[in-house]
Amino acid sequence: MVKIIRKVGVIVLLVILILSIQEIVSSFSPKIIGSMAATDVPNAVTIDGSDELAEHNYCDAEQLDEEQPNVEQANTEQSKEDLSQEEKQEEQTEVILPETPQEEQQEESKAKVAYLTFDDGPTAYTGPILDILAEYGAKATFFMLEPQMEGNYEVLQRMINEGHALGLHGVTHDRKQFYQSAERVLGEMNMAQAKLAELTGYKSFLIRTPYGSKPHMKPDYMEAVEMNGYKIWDWNVDSRDWLYRDERMVDETINQISTLEQYDIQPVILFHDRKDTVDYLPQVLEYLLSNGFSLKTLALELKPVLLK
Ligand SMILES: [Zn+2]
């Protein structure tokens, strides 16, 4: 009897044990499935049964929840980046702010500008030319010969004081001598530069070679002057003041200027420091100013006009 009771007791205990194990197993099973679903996300989608799907969705949600802060963080960082980009853009805009001057420059380039140039001086007529330029509020560029500079300190100083540009025209003005070699061209310009600097303290790099660069300036001559920082300028309007010596000079100059104007080309006008030029310069200036030109000096930063 006792044995039977013991056996029954053992069986009951076993049953209780089995039931409790089942309970334990059943209580853990969803988590196991959940972890499986989490690790096998692509397969989880194909699992039948709402529970597994729910687990799968939950896992996704969990992942989303976990990712959410990251996404937000990323968004925040993104927006920070956006902000910083905007800031950069603003900074760039601020940096580029000199656009206003650029626009002004564009407007300036659209504005009509003429460049008066006077060669072979200074002479006795340079003073009167400066008087006329002052009267009309015009600026000009003087390409000067080294021997002419000596003894004309006052007129050189006046050019500087009154805002004109001082350029170099060499020493000999002799076609054969000047264009002998690259060294000769460079040597004459260096001498003229040194003399001007000695007299005024101003070191000029604007040059015009006698009779113009074409056809005399060979490629190695051009290279020599450019290598030494000189900017060589010819002209695109020849007043022929040396030839006409009368009012034809005015007509000739105006005809050439109006032709260039049709092609939107700014005139660089060749004159000389001569008596006839003093006489007829006012008529040319009247024409230029009444046609909306402003009269400025040549400068190193401008693109030089060269004979073709
Ligand atoms: Zn000359």
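Q: What does the secondary structure of the protein come to?
A: The protein has 13 helices and eight strands. Helices (H or I, at least four residues) and strands (E, at least two) are DSSP runs, numbered from the N terminus.

Q: What kind of model is this, and how are residues numbered?
A: This is a predicted model, where local features need pLDDT of at least 70, side-chain atom pairs count only at pLDDT 80 or more, and totals for chains, interfaces and linings use all residues. Residues are numbered from 1 along each chain as its sequence is written.

Q: How do the axes of H12 and H13 cross?
A: The axes of H12 (residues 248-262) and H13 (residues 275-290) cross at roughly 40° and come within 9 Å. H12 is therefore oblique to H13. Axes are lines fitted to C-alpha atoms, for helices over the stretch in contact, and angles run from 0 to 180 degrees between N-to-C directions. Angles under 35 degrees count as roughly parallel, over 145 as roughly antiparallel, 65 to 115 as roughly perpendicular and the rest as oblique.

Q: Which residues meet there?
A: From H12, Met249, Val250, Thr253 and Ile254 meet Asp276, Tyr280, Gln283, Val284 and Tyr287 of H13. Two residues are in contact if their C-beta atoms, placed from the backbone, lie within 7 Å.

Q: OK, the loops. Where is Arg245?
A: Arg245 sits in the loop between helix H11 (241-244) and H12. Its phi is near 55°, a positive value in a residue other than glycine.

Q: Why does Arg245 count as partly exposed?
A: Because Arg245 has 15 C-beta neighbours inside 10 Å. A residue is buried if 20 or more other C-beta atoms lie within 10 Å of its own, exposed if 12 or fewer, and partly exposed in between, with C-beta atoms placed from the backbone.

Q: And Asp264, where is its place?
A: Asp264 is in the loop between H12 and strand S7 (268-272). Phi of Asp264 is near 60°, also a positive value in a residue other than glycine. Asp264 counts as exposed, because 9 C-beta neighbours lie inside 10 Å.

Q: What about Lys214 to Pro215?
A: That peptide bond is cis, with omega near 0°. Pro215 is in the loop between strand S4 (206-207) and helix H10 (219-227).

Q: Last one: what share of the residues count as buried?
A: Of the 308 residues of the protein, 28% count as buried.
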